[in-house]
Amino acid sequence: MPDYKRYGIAGATFATILITGQIMQTMSAPERASAADVQAMPLPVAISDIELTSANDATLTAASLDSPSSATHGGEQPLPGESCSVTLSAKAIAAALVDLELSAPCAPNERVVIHHNGMMFSDVTNGAGRFSTTVPALSKEAVFIASFAGGDGAVATATVEEIDIFDRAVVQMQGSFAINLHAREFGAQYGDTRHIWTGHPGDIVDGVTGHGGFMLELGDRSLENPLIAEVYTFPTGMAKEAGSIALSVDIEITAENCDKDIEAQTLQTSRGEKIAVQTLDMSMPACEAVGDFLMLKNLVNDMKVAFN
């Protein structure tokens, strides 16, 4: 457990922080599934034109991002009778979460980037070219894009009916810079049971039953220059107690990030209505400060919870 008493340096460094904000209004699924709307972190990949197709219902839709003839990766060639088409499926589950299943037979052990409403993270397919994960939805008509470095990929959509009872906050970054999202529920202090962060992520069951929030980390930190997203969820629409949840982005000063420029971004939504975006661009303190922490409260807004 880090020593959370050492935050004195934070005030001295705020002059170096540039924060900008914008509001992303809720759009329809086809509008949101365009490359121009993927505006979170600088993209390490190029996404070709996206068109949603063959949607038999809004709950589970899979679509191809590129034509089958172009869906080969890294020099891999399909075996006779094998298709290189990339497919993605999305299924809404409890707590306004979505299970994603990606199949890319010609892209084994390859980096893939998942995009959703400005949030993005990178992971890797297995030896069979498959990848699965669970993603907190940020909108009711949720669109997910999976993209590979060569431009191939797929799109899937899911209708997330439960989004209107959950509030969510996200911090995302490129690289491993010891940046973490922290939620202290109803007066909790650092290290308490109700202090939720990746080191103590809480329980999804609490989110489903209205008893507390939970944190999910998305992305593989072992990748080179990874895209990572941390997502905190609280069931504001069915909470069993009232009060406030203190949110902050905390940064440990390490040998890897000291005296460097770093970037991060936060996204925040209340019951899927809109997404507020804040961008952090700051110079870290000199390396003499290694071991100290910065606590940035103005990147995310505290959550206000009424009794339900």
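Visitor: Which residues lie nearest the centre of the largest pocket?

Guide: Q268, T269, S270, A276 and N301 do, out of twelve lining residues. This is a predicted model: local features need pLDDT of at least 70, side-chain atom pairs count only at pLDDT 80 or more, and totals for chains, interfaces and linings use all residues. Residues are numbered from 1 along each chain as its sequence is written, and side-chain values use heavy atoms, with hydrogens and water left out.

Visitor: What makes a residue part of a pocket lining?

Guide: It has an atom within 4 Å of a pocket point. On a 1 Å grid over the protein atoms alone, a pocket is an open set of points with protein on both sides within 12 Å along at least five of seven lines. In this model, the largest pocket has a volume of about 210 Å³, the space filled by probe spheres set on the points.

Visitor: Which strand gives the most to that lining?

Guide: β16, with three residues. β10 (167-174), β16 (261-270) and β17 (274-283) each supply at least two. Strands here are DSSP runs of E, at least two residues, numbered from the N terminus.

Visitor: Why are β3 and β7 called edge strands?

Guide: Three strands form an open antiparallel sheet in the order β3-β4-β7. β3 (87-93) and β7 (130-136) each have a single partner strand, so one side of each is left without a neighbour in the sheet.

Visitor: How do you know that β4 and β7 pair?

Guide: Pairing requires that DSSP finds at least two bridges between two strands. β4 (residues 97-103) and β7 have seven, in the antiparallel sense. So they count as paired. S103 stands opposite R130 in β7.

Visitor: Why is the contact of R221 with E230 called a salt bridge?

Guide: The term needs a side-chain nitrogen of Lys or Arg within 4 Å of a carboxyl oxygen of Asp or Glu. R221 and E230 meet at 3.3 Å, N to O. Therefore the pair qualifies.

Visitor: What makes E161 and K140 a link between distant parts of the chain?

Guide: Their salt bridge has its closest N and O atoms 3.4 Å apart. E161 is in the loop between β9 (153-159) and β10, K140 in the loop between β7 and β8 (141-148), and the two are 21 residues apart.

Technical notes. On a 1 Å grid over the protein atoms alone, a cavity is a set of points where a 1.4 Å probe fits but cannot get out, and a pocket is an open set with protein on both sides within 12 Å along at least five of seven lines; lining residues have an atom within 4 Å of a point. Helices (H or I, at least four residues) and strands (E, at least two) are DSSP runs, numbered from the N terminus.
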